[in-house]
Amino acid sequence: MEPTEWPEEPAERVRAVVERVLDQLELDGSVAIDEDEDSIVATVEGEDDYGLLIGRRGQTIDALQLLCFQAAFQGIRERKRVVLDAAGYRERREEVITERAKRAAEKAVASGDEVELDPMPARERRVVHEYLKERTEVETYSAGDEPQRRVVVAPLLAD
(Lines give C-alpha, C1' and ligand atoms only; values in the text may rest on other atoms or scores of the structure.)
Protein backbone atom coordinates (compact mmCIF):
# COMPACT_ATOMS: atom_id res chain seq x y z
CA MET A 1 0.00 0.00 0.00
CA GLU A 2 1.48 3.32 -1.02
CA PRO A 3 1.55 6.11 1.59
CA THR A 4 -0.88 8.12 -0.53
CA GLU A 5 -3.33 5.20 -0.31
CA TRP A 6 -3.23 5.05 3.50
CA PRO A 7 -6.66 6.05 4.88
CA GLU A 8 -6.90 9.08 7.13
CA GLU A 9 -9.64 7.70 9.38
CA PRO A 10 -8.47 5.28 12.12
CA ALA A 11 -11.36 2.85 11.50
CA GLU A 12 -10.47 2.61 7.83
CA ARG A 13 -6.83 2.05 8.75
CA VAL A 14 -7.93 -0.90 10.89
CA ARG A 15 -9.94 -2.26 7.96
CA ALA A 16 -6.95 -1.86 5.60
CA VAL A 17 -4.58 -3.73 7.95
CA VAL A 18 -6.99 -6.61 8.53
CA GLU A 19 -7.83 -6.94 4.82
CA ARG A 20 -4.12 -7.00 3.95
CA VAL A 21 -3.48 -9.76 6.51
CA LEU A 22 -6.45 -11.77 5.21
CA ASP A 23 -5.03 -11.47 1.69
CA GLN A 24 -1.59 -12.60 2.81
CA LEU A 25 -3.08 -15.59 4.66
CA GLU A 26 -5.20 -16.38 1.59
CA LEU A 27 -8.40 -16.20 3.64
CA ASP A 28 -11.68 -14.92 2.27
CA GLY A 29 -13.82 -12.71 4.43
CA SER A 30 -15.19 -9.25 4.82
CA VAL A 31 -14.26 -6.82 7.56
CA ALA A 32 -17.19 -5.15 9.29
CA ILE A 33 -16.36 -2.03 11.29
CA ASP A 34 -18.46 -0.81 14.20
CA GLU A 35 -17.22 2.45 15.71
CA ASP A 36 -18.48 4.47 18.65
CA GLU A 37 -16.93 7.17 20.82
CA ASP A 38 -14.97 4.62 22.90
CA SER A 39 -13.89 1.92 20.47
CA ILE A 40 -13.41 0.56 17.00
CA VAL A 41 -14.56 -3.04 16.63
CA ALA A 42 -13.46 -4.91 13.51
CA THR A 43 -15.15 -8.24 12.86
CA VAL A 44 -14.01 -10.68 10.20
CA GLU A 45 -17.01 -12.41 8.69
CA GLY A 46 -17.05 -15.25 6.21
CA GLU A 47 -17.09 -18.98 5.68
CA ASP A 48 -13.36 -19.75 5.96
CA ASP A 49 -11.72 -21.44 8.94
CA TYR A 50 -10.11 -18.54 10.77
CA GLY A 51 -8.01 -20.71 13.08
CA LEU A 52 -4.82 -19.44 11.46
CA LEU A 53 -5.92 -15.84 12.00
CA ILE A 54 -6.94 -16.50 15.61
CA GLY A 55 -3.90 -18.57 16.54
CA ARG A 56 -3.26 -20.74 19.57
CA ARG A 57 -5.17 -19.34 22.56
CA GLY A 58 -5.86 -16.20 20.52
CA GLN A 59 -2.23 -15.10 20.37
CA THR A 60 -2.28 -14.23 16.67
CA ILE A 61 -5.53 -12.25 16.76
CA ASP A 62 -4.33 -10.43 19.90
CA ALA A 63 -1.07 -9.48 18.16
CA LEU A 64 -2.96 -8.33 15.06
CA GLN A 65 -5.32 -6.32 17.28
CA LEU A 66 -2.32 -4.50 18.78
CA LEU A 67 -0.91 -3.88 15.30
CA CYS A 68 -4.28 -2.48 14.20
CA PHE A 69 -4.33 -0.13 17.20
CA GLN A 70 -0.83 1.13 16.44
CA ALA A 71 -1.59 1.59 12.73
CA ALA A 72 -4.95 3.24 13.38
CA PHE A 73 -3.58 5.93 15.64
CA GLN A 74 -0.14 6.53 14.19
CA GLY A 75 0.33 10.28 14.25
CA ILE A 76 -3.01 10.85 16.01
CA ARG A 77 -3.24 12.04 19.63
CA GLU A 78 -6.79 11.06 20.51
CA ARG A 79 -7.10 7.29 20.74
CA LYS A 80 -9.72 4.71 21.53
CA ARG A 81 -9.81 0.99 22.09
CA VAL A 82 -9.48 -1.34 19.08
CA VAL A 83 -11.04 -4.80 19.22
CA LEU A 84 -10.57 -7.42 16.51
CA ASP A 85 -12.75 -10.52 16.31
CA ALA A 86 -13.17 -13.37 13.87
CA ALA A 87 -15.82 -16.09 13.71
CA GLY A 88 -17.20 -15.11 17.14
CA TYR A 89 -13.91 -16.03 18.85
CA ARG A 90 -14.04 -13.27 21.49
CA GLU A 91 -17.55 -14.21 22.67
CA ARG A 92 -16.74 -17.94 22.79
CA ARG A 93 -13.52 -17.23 24.69
CA GLU A 94 -15.37 -15.05 27.20
CA GLU A 95 -17.84 -17.89 27.83
CA VAL A 96 -14.98 -20.31 28.50
CA ILE A 97 -13.27 -17.84 30.84
CA THR A 98 -16.41 -17.06 32.84
CA GLU A 99 -17.15 -20.78 33.22
CA ARG A 100 -13.62 -21.35 34.56
CA ALA A 101 -14.03 -18.38 36.91
CA LYS A 102 -17.33 -19.79 38.19
CA ARG A 103 -15.76 -23.21 38.86
CA ALA A 104 -12.74 -21.60 40.56
CA ALA A 105 -15.03 -19.59 42.86
CA GLU A 106 -17.04 -22.68 43.77
CA LYS A 107 -13.84 -24.62 44.48
CA ALA A 108 -12.38 -21.78 46.59
CA VAL A 109 -15.55 -21.54 48.70
CA ALA A 110 -15.83 -25.33 49.12
CA SER A 111 -12.16 -25.90 49.99
CA GLY A 112 -11.40 -22.65 51.81
CA ASP A 113 -8.22 -22.39 49.72
CA GLU A 114 -7.12 -19.95 47.03
CA VAL A 115 -7.48 -21.17 43.45
CA GLU A 116 -5.05 -19.98 40.77
CA LEU A 117 -6.26 -19.83 37.19
CA ASP A 118 -3.97 -20.38 34.22
CA PRO A 119 -1.95 -17.39 32.99
CA MET A 120 -3.95 -15.13 30.68
CA PRO A 121 -3.69 -11.72 29.02
CA ALA A 122 -4.92 -8.59 30.82
CA ARG A 123 -8.15 -8.44 28.81
CA GLU A 124 -9.09 -11.97 29.91
CA ARG A 125 -8.09 -11.34 33.55
CA ARG A 126 -10.41 -8.33 33.52
CA VAL A 127 -13.27 -10.63 32.41
CA VAL A 128 -12.67 -12.84 35.47
CA HIS A 129 -12.49 -9.89 37.88
CA GLU A 130 -15.68 -8.36 36.46
CA TYR A 131 -17.54 -11.67 36.44
CA LEU A 132 -16.70 -12.49 40.07
CA LYS A 133 -16.94 -9.01 41.60
CA GLU A 134 -20.60 -9.56 42.58
CA ARG A 135 -19.78 -12.79 44.43
CA THR A 136 -19.50 -11.75 48.07
CA GLU A 137 -17.93 -15.03 49.20
CA VAL A 138 -14.75 -14.58 47.11
CA GLU A 139 -12.26 -11.95 46.09
CA THR A 140 -9.93 -11.90 43.11
CA TYR A 141 -6.51 -10.46 42.47
CA SER A 142 -3.81 -10.85 39.85
CA ALA A 143 -0.43 -12.35 40.71
CA GLY A 144 2.82 -12.97 38.90
CA ASP A 145 4.58 -11.22 36.05
CA GLU A 146 3.68 -11.10 32.37
CA PRO A 147 3.34 -13.33 30.45
CA GLN A 148 2.65 -15.67 33.40
CA ARG A 149 0.31 -13.26 35.21
CA ARG A 150 -2.79 -15.05 36.49
CA VAL A 151 -5.96 -14.47 38.50
CA VAL A 152 -6.20 -15.87 42.01
CA VAL A 153 -9.67 -16.52 43.41
CA ALA A 154 -9.61 -16.42 47.22
CA PRO A 155 -12.43 -17.30 49.60
CA LEU A 156 -13.60 -14.62 52.01
CA LEU A 157 -13.86 -16.48 55.28
CA ALA A 158 -16.54 -15.52 57.80
CA ASP A 159 -15.19 -14.28 61.15
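This report walks through the fold, cores, helix packing and a few local features of one predicted model.

## Basis of the model

The model is predicted: local features need pLDDT of at least 70, side-chain atom pairs count only at pLDDT 80 or more, and totals for chains, interfaces and linings use all residues. Residues are numbered from 1 along each chain as its sequence is written, and side-chain values use heavy atoms, with hydrogens and water left out.

## Overall layout

The chain has five helices and six strands. Both are DSSP runs numbered from the N terminus: helices are H or I with at least four residues, strands are E with at least two. From the N terminus on, the order is α-β-β-α-α-β-α-β-α-β-β.

Along the principal axes, the C-alpha atoms fill a box of roughly 65 × 35 × 25 Å. The chain holds 159 residues, and 35% of them are buried. Buried means under 20% relative accessible area, exposed means over 50%, and partly exposed lies in between (1.4 Å probe, protein chains only). A contact means heavy atoms within 4.5 Å. Among contacts between residues at least 6 apart in sequence, 54% join residues at least 24 apart.

In soluble globular proteins, nonpolar side chains tend to be buried together. A nonpolar core here is a set of buried Ala, Val, Leu, Ile, Met, Phe, Trp, Tyr and Cys residues joined through side-chain atoms within 4.5 Å. The largest such core has 23 residues. V14, V18, L22, V44, Y50 and L53 touch the most other members. The elements giving two or more residues to this core are α1 (10-24), β2 (39-45), α2 (51-54), α3 (59-72) and β3 (81-86). A second, separate core has 14 residues, including V127, L132, V151 and V153.

What does Y50 contact, leaving aside its neighbours within four places in sequence? Its partners are L22, L27, D28, G29, V44, E45, A86 and A87.

## Helix packing

Helices α1 and α3 pack at an angle of about 140°, with their axes 8 Å apart. Axes are lines fitted to C-alpha atoms, for helices over the stretch in contact, and angles run from 0 to 180 degrees between N-to-C directions. The angle makes α1 oblique to α3. The cut-offs are these: under 35 degrees is roughly parallel, over 145 roughly antiparallel, 65 to 115 roughly perpendicular, and the rest oblique. α1 passes α3 in a right-handed crossing. A crossing is right-handed if the near helix is turned clockwise from the far one by less than a right angle, and left-handed if anticlockwise. P10, R13, V14, V17, V18 and V21 of α1 make the contact with L64, L67, C68, A71 and A72 of α3.

Helix α4 (residues 89-111) packs on helix α5 (residues 122-132) at about 50°, with axes 9 Å apart. These two helices are therefore oblique to each other. Their crossing is right-handed. On the α4 side, the contact residues are Y89, R90, R93, E94, I97, T98, A101, K102 and A105. They meet R123, E124, V127, V128, Y131 and L132 in α5.

## An aromatic pair

Rings of Phe, Tyr and Trp (its six-membered ring) pair if their centres lie within 6.5 Å; planes under 30 degrees apart count as stacked, over 60 as edge-to-face and the rest as tilted. By this rule there is one aromatic pair. F69 and F73 form it, tilted, at 5.4 Å centre to centre and 55° between the planes.

## Backbone exceptions

Most residues other than glycine have a negative phi, and most peptide bonds are trans. R57, not a glycine, has a positive phi of about 55°. R57 sits in the loop between α2 and α3 and is partly exposed at 42%. A87 also is not a glycine and has a positive phi of about 55°. A87 lies in the loop between β3 and α4 and is partly exposed at 43%.

The peptide bond from E146 to P147 is cis, with omega near 0°. P147 is in the loop between β5 and β6 (150-155).

## A look at E139

E139 belongs to strand β5 (residues 138-143). Its relative accessible area is 41%, so E139 is partly exposed. Beyond neighbours within four places in sequence, E139 is in contact with V152, V153, A154 and L156. E139 and E114 are 25 residues apart in sequence and 9.6 Å apart in space, C-alpha to C-alpha.
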